[in-house]
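Please look at the structure below with an eye to the words used for it. Each question asks what stands behind such a word.

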Amino acid sequence: MKKRFLLLCLVCVIVLSSCTSALREMEDEDILYAVDGDAVLLAKELKHYYANAVYEAEQNSRKAPSEKEAFLDLVQMKTLSYLAEKYGFTADRALLEEEYRLYLEELADPLYAAEKAYADGLKEYLGMDEKAFMEYNIWVSLMHKQADALISGFAENYRHITDPQLLAEEIDKNLTEYLKTSEISCHYPGLKDYIPKFSYLYGTEDL
């Protein structure tokens with residue numbers, strides 16, 4: 001009986017491991033989410049984002065998100081960024097590059113030694129050199145800037161709505177309807193035809 005119990009425990013561990021490590025089976029260039037044939041989210045982007053989330057959780061002594069939770073959060077932001085480009089609300093990459101340069105100059109100040117140690121630790125955790133780490137940071141900034149630009153742009157079309165909650169609901173409805181009439185291709189396990197929940201519009205994110 002004891003041997004059987006141990007065997008069952010081992011099987012459970014194997015099953016749970018296979019369920020929680022979907023990323024390990026993915027190639028970097030695998031498309032995890034696409035809209036009308038446009039690649040919105042790649043596996044390598046989720047791998048970096050998830051590793052970032054785990055590192056942040058470890059540094060702040062809190063529970064790390066699951067891979068699925070990271071996917072749900074990232075696909076939301078990537079879809080908002082994608083729709084921003086679709087609707088013509090794009091961010092200036094050159095400006096973001098300049099902001100990153102100023103950020104590096106700031107980190108060189110001894111007053112920001114803790115912030116520099118955190119950034120250096122994250123770079124090492126992600127396995128990136130200086131150039132790759134810069135590109136990753138700009139990618140994250142671009143994603144959020146374009147999401148914000150999309151929200152601001154849509155808000156201009158709904159000036160008659162002054163309540164922030166109602167405004168977010170209207171934008172959410174508009175974006176969701178667009179996606180429902182689009183060809184969605186989601187390749188994350190168990191989430192076929194998934195439509196993101198745009199919690200970011202309401203001032204919150206899933207993670």
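This is a predicted model: local features need pLDDT of at least 70, side-chain atom pairs count only at pLDDT 80 or more; totals for chains, interfaces and linings use all residues.

Q: Why is helix 5 called roughly perpendicular to helix 6?
A: Helix 5 (residues 113-126) and helix 6 (residues 130-156) pack at an angle of about 105 degrees, with their axes 10 Å apart. Angles of 65 to 115 degrees count as roughly perpendicular, under 35 as roughly parallel, over 145 as roughly antiparallel and the rest as oblique, so helix 5 is roughly perpendicular to helix 6.

Q: Which residues of helix 5 and helix 6 meet?
A: Ala119, Leu122, Lys123 and Leu126 of helix 5 are in contact with Glu130, Phe133 and Tyr136 of helix 6, where contact means heavy atoms within 4.5 Å. By class, these residues comprise 5 nonpolar, no polar and 2 charged.

Q: What makes helix 2 oblique to helix 5?
A: The angle between helix 2 (residues 43-59) and helix 5 is about 135 degrees, and their axes lie 10 Å apart. That angle makes helix 2 oblique to helix 5. The contact includes His48, Ala51 and Tyr55 of helix 2, together with Ala117, Tyr118 and Gly121 of helix 5, and its residues divide into 8 nonpolar, 4 polar and 2 charged.

Q: How do you know which strands are at the edges of the sheet?
A: The open sheet has 3 strands in the order 2-1-3, with antiparallel pairing, and strand 2 (38-42) and strand 3 (184-186) are the edge strands, each pairing on one side only. Two strands pair if DSSP finds at least two bridges between them, and strand 1 (residues 31-35) and strand 3 pair in the antiparallel sense over 3 bridges. In this pairing, valine 35 stands opposite isoleucine 184 in strand 3.

Q: Why is threonine 79 assigned the burial class that it has?
A: Threonine 79, found in helix 3 (residues 67-86), has a relative accessible area of 0% and is therefore buried, the class for values under 20%, with exposed over 50% and partly exposed in between (1.4 Å probe, protein chains only). Leaving aside neighbours within four places in sequence, threonine 79 is in contact with Tyr33, Val40, Leu179, Pro196 and Phe198.

Terms used:
Residues are numbered from 1 along each chain as its sequence is written. Side-chain values use heavy atoms; hydrogens and water are left out. Axes are lines fitted to C-alpha atoms, for helices over the stretch in contact, and angles run from 0 to 180 degrees between N-to-C directions. Helices (H or I, at least four residues) and strands (E, at least two) are DSSP runs, numbered from the N terminus. Ala, Val, Leu, Ile, Met, Phe, Trp, Tyr, Cys and Pro count as nonpolar, Asp, Glu, Lys and Arg as charged, and the others, Gly among them, as polar.
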